[in-house]
Amino acid sequence: MAQYLSADKEKELVQTANLLMAKGKGLLAADESTGSMTKRLQSIGLENNEENRRVYRQTLFTGSKDLAQHISGVILFHETLYQNDDNGKPFRQILQEKGIIPGIKVDKGLVLLAGTNGENTTQGIDGLGERCAQYYKDGARFAKWRCALKIGDGLPSELGIRETANVLARYASICQQNGLVPIVEPEILPEGDHDLETCQRVTEKVLAATYKALSEHHIFLEGTLLKPNMVTAGFDCKKKYTAKDIARATVTALQRTVPVAVPGICFLSGGQSEEDASINLNAINQYQGKKPWALTFSYGRALQASVLSTWAGKSENVSSAQEQLIKRAQANGAAAKGEYGGGAGGKAGDQSLFEANRTY
Amino acid sequence: MVELKFRCAVNSPVDINNSGKPAKKLSESLFIYSSTMRQYLSADKEKELIETANTLMAKGKGLLAADESTASMLKRFQSIALENNEENRRLYRQLLFTGSKDLADYISGVIFFHETFYQCDNNGKPFREILKEKGIIPGIKVDKGLVPLAGTNGENTTQGLDSLSERCAQYYRDGARFAKWRCALKIGDDLPSELCIRETSNVLARYASICQQNGIVPIVEPEVLPDGDHDLGTSQYITEKVLAATYKALSEHHVFLEGTLLKPNMVTAGFDCKKKYKPEDIARATVTALQRTVPPAVPGICFLSGGQSEEEASINLNAINQYSGKKPWALTFSYGRALQASVLTLWTGKSENVSAAQNQLLKRAQAHGAAAKGEYKGGAGGTIGGQSLFEANRNY
């Protein structure tokens, strides 16, 4: 039987995955698509054009190199991977010089599954091999692909689970062939009024299906990462739960489904406020139980909300916005070690960042 | 609030909560969860299963698989020229169970065959009570042997689901706290087939589900047989596929993983493979396969010996426990032949040999116990110590 990945290829993937999961570090998800940036920039009264997007990402990437103490990698959108700072220096190079690994979102957004009750799968497989090869040449070393499942009446359906698990496995397979570590993201959305136990059950089913599909597609697990939702109740659930409840439910779900070979798990923030995202991650790392994978963050909104509102599009605010990013990254880095004491503040600190029916 | 609906299983689980509410039928396309769904296992039942599983996996201890069917005992007794009758089987098992209570330092549980579970010593005391008094938990083999899968190339599944719930309930009342069910898959040209993997995983999950409903910890045994000339890499690949399918089936059947145990093969080359491998190779291949497939929620893994010699079985288990890498489950033994081979040849059916045979059992159990901690130094001897115990095409 031909070796699927050469020993060298396996080694490189393992190395990248482990660097990304270095203790006390996590990922900055800065891969908002052009469409998603409309909402972000509108919230600070800015037009969504290429220059504004460039200036915003410049703010994120050109601050102190201390950022690299808490951020091991940044997920970029395609446009951003090829943008430069004011002096014409590529963002990806700036990051590499700081010791931060550039990654790339490679999916092309959600599409409807006909015959279902509003469920989606994700497209982007066409030409993915060639695209990954090019991204690798241009310095990317990991990728990300997001699927989204909803809890509701008859949801997620068996088709929804099976189809998304399969497309995630195809994506992962192609990435590994091209030297990119695939971050596998089977997000279960927090929309709805379901309770914590329901979310846990669904998460367990979805993750079991995910890893079965990865097995079927011969994925080299040691060279992958998982980006799941934390297990939380739906946003409209009347019952409230503590961070400890969330931690117990989340770790239990992962213990029941995620093989030990997976080096690390980096949670999405999914609409949690910046402070909740740190506190919950902290509780997860403090939870007493078997946790044979890194448990860290891959946050978008939960790292950027205060940064955005501090910047407000004004160059005189860039410095304080960059400080805010470091502050929040530091908080999440501490949470990834179970050492977060709370109170990292920020304008948007406690504000829920939930957007119903979010699509990319 | 999302309304409760759930799949109606053909074999409805025993309603241990006695709520009396019937399961609602459901069309194929709906798949719903809700907090009003009855807890599948009560918190108390979950707790009991966890306790049993963890006691069985106590550090430095493992299982004695003494569950050979009547037919299997024929071969064992033939090798020492003893007739295979009920009394000889009773005498032999009496030998195993009535030795020093030091045995409990290394053996946490014994797997029984049905006949043995209800047999007694010379004074009429039930074997299962004798073991319990020693602090050893009695378990029971509940499958009814391999049956062919038509249309395949000599593949099997395992029967025994009929009335399994009632049987488990009775075994529980009579003191059993865990069970075992074995499926066997062969490596060969296009084997194991997808059907065989899927069918055996499914039947293991059904068995596990029924056991847990009745307070019994299911040991799940999807054995990939060592027959053949395939190399180590092939065995690892197949073992990974089989175990991935096993855990997917357990998930589909809502099995409570924290209250189960796994009894897999170690990853070894086929017995006719020309290339030879070291214990370190076996350890690396075995642990890697498990890392890739067995969720951390599973408390422990107790390997079958599958025809390895007694000494090999200790040495390989030792290497597995010494292997440097993530191992978030107990890694111990559930040995049949690799605990009993020398015992049998020392006894040869003669009462004057019983003591020596019992000492041999203790000695080999101690060796495996040390191996389960990665502390085995070798040389626990025994008349059969280094002899391969492989039987081609073994059937129960």
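Throughout these legends, a residue is called buried under 20% relative accessible area, exposed over 50%, and partly exposed in between, as calculated with a 1.4 Å probe on protein chains only. Helices (H or I, at least four residues) and strands (E, at least two) are DSSP runs, numbered from the N terminus. The model is predicted, so local features need pLDDT of at least 70, side-chain atom pairs count only at pLDDT 80 or more, and totals for chains, interfaces and linings use all residues. Residues are numbered from 1 along each chain as its sequence is written, chains are lettered from A and ligands numbered from 1 in the order in which they are written, and side-chain values use heavy atoms, with hydrogens and water left out.

**View 1. The cis peptide bond between L155(A) and P156(A).** The omega angle of this bond is about -5 degrees, and P156(A) belongs to the loop that runs between β6 (142–149) and α7 (158–177) of chain A.

**View 2. The cis peptide bond from L191(B) to P192(B).** Omega is near -5 degrees here, and P192(B) sits in the loop between β6 (178–185) and α7 (194–213) of chain B. Most peptide bonds are trans.

**View 3. H254(B), a residue with a positive phi.** Although H254(B) is not a glycine, its phi is about 60 degrees; the residue lies in the loop linking α8 (232–252) and β8 (261–262) of chain B. H254(B) counts as partly exposed because its relative accessibility is 39%.

**View 4. T348(B), a residue with a positive phi.** The phi of T348(B), which is not a glycine, is about 45 degrees, and its place is the loop between α11 (337–347) and α12 (354–371) of chain B. With a relative accessibility of 24%, T348(B) counts as partly exposed.
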